[in-house]
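User: I am new to this structure and would like to learn how to read its features. Please take me through them in order.

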Amino acid sequence: ADNGSCAATGVALGTPVTGDNCGVASVTNNAPASYPVGSTTVTWTVTDIHGNSTTTTQVVTVTDNQNPTIGGLSAITVNADNGSCAATGVVLGTPVTGDNCGVASVTNNAPASYPVGSTTVTWTVTDIHGNSSTTTQVVTVTDNQNPTISGLSPISVNADNGSCAATGVVLGTPVTGDNCGVASVTNNAPASYPVGSTTVTWTVTDIHGNSTTTTQVVTVTDTQAPTVLVKNI
């Protein structure tokens, strides 16, 4: 087919070989100016000088070898669904398609749920003669949800015997959670807590780098009476 058309023009049919015992008067055909994709039968007629005629046929086959076009799709960035490590209901948009003969279908392999990260969606446009083209669209899902941390209670302990501080304080284990997964739980607890109140900061970090902090107060009490020594005189 002509470029951008679903038909062919300017087709050279050739010249038939004719003959007659008395002489040929005319050779004609019913060839169209434009041949649509598919097969067209052209009928040739030769007529001699006495009005006798003969016909023969010639088949012109036009092939559509032009792929359809597809475009107009932009990359998409969305946040993960609340409480989930994936996004659903993502609107991809509608591609712009075209073909010299006509588009039959437009499909894609988009999943129902997109995990955090980048997913490549492949679109395929197919024309009415089976030619096809593909294009890709990237959907990026971001985890913007901070992890959670809780379950830490204030702690009160006595100073170690003979010391103005407490060591070996058991802080407990916080309860953590995240929509995608917890990577680490840390704190800035000292090895030794002086008498008074010390604030310990806990940090939970998820697998995508989001973090949340909470604090826990450790109170150390001095319950040890002082000593006095006197010398008898």
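**Disulfides and their surroundings**

Analyst: Counting bonded cysteines along the chain, the disulfides of the protein follow the pattern 1-3, 2-4. The model is predicted, so local features need pLDDT of at least 70 and side-chain atom pairs count only at pLDDT 80 or more, while totals for chains, interfaces and linings use all residues. Residues are numbered from 1 along each chain as its sequence is written, and side-chain values use heavy atoms, with hydrogens and water left out.

User: What is a disulfide, and how many does a search of the whole structure find?

Analyst: A disulfide is a covalent bond between the sulfur atoms of two cysteines. Here the criterion is a pair of cysteine sulfur atoms within 2.5 Å. The search of the whole structure finds 2 disulfides.

User: Which residue does the disulfide of Cys 6 join?

Analyst: Cys 6 is joined to Cys 101, with an S to S distance of 2.0 Å. The pair links distant parts of the chain, 95 residues apart: Cys 6 is in the segment before strand E1 (7-9), and Cys 101 is in the loop between strand E9 (96-98) and strand E10 (103-108). Strands (E, at least two residues) and helices (H or I, at least four) are DSSP runs, numbered from the N terminus. The link of Cys 6 and Cys 101 is right-handed, with 105 degrees about the S-S bond.

User: Where do Cys 85 and Cys 180 lie?

Analyst: Cys 85 and Cys 180 form a disulfide with their sulfur atoms 2.0 Å apart. Cys 85 lies in the loop between strand E7 (76-79) and strand E8 (86-88), and Cys 180 in the loop between strand E17 (175-177) and strand E18 (182-187), so the pair ties together parts 95 residues apart in sequence. This link is right-handed, with 105 degrees about the S-S bond.

User: How is exposure read, and which class does Cys 164 fall into, buried or exposed?

Analyst: Buried means under 20% relative accessible area, exposed over 50%, and partly exposed in between, using a 1.4 Å probe and protein chains only. Cys 164 counts as exposed because its relative accessibility is 55%. Cys 22 is partly exposed, at 43% relative accessible area.

User: Where is Asp 48 placed, and what does Asp 48 touch?

Analyst: Asp 48 is in strand E4 (residues 38-48). Contact means heavy atoms within 4.5 Å. Leaving aside residues up to four places away in sequence, Asp 48 touches Asp 20, Gly 23, Val 24 and Ala 25. The side chain of Asp 48 also reaches the backbone nitrogen of Gly 51 at 3.0 Å.

User: What is the place of Asn 82?

Analyst: Asn 82 is in the loop between E7 and E8. Asn 82 counts as exposed because its relative accessibility is 76%. Asn 82 and Asn 144 are 62 residues apart in sequence, and 9.4 Å apart in space, C-alpha to C-alpha.

User: How many helices and strands does the protein have, and what does its C-alpha trace span?

Analyst: The secondary structure comes to 0 helices and 21 strands. Along its principal axes, the C-alpha trace spans about 170 × 25 × 20 Å. Of the 233 residues, 27% count as buried. Among contacts between residues at least 6 apart in sequence, 55% join residues at least 24 apart.

Conventions. A polar contact is a pair of N or O atoms within 3.5 Å; within protein, one must be able to donate a hydrogen and the other to accept it, and residues adjacent in sequence count only if both atoms are side-chain atoms.
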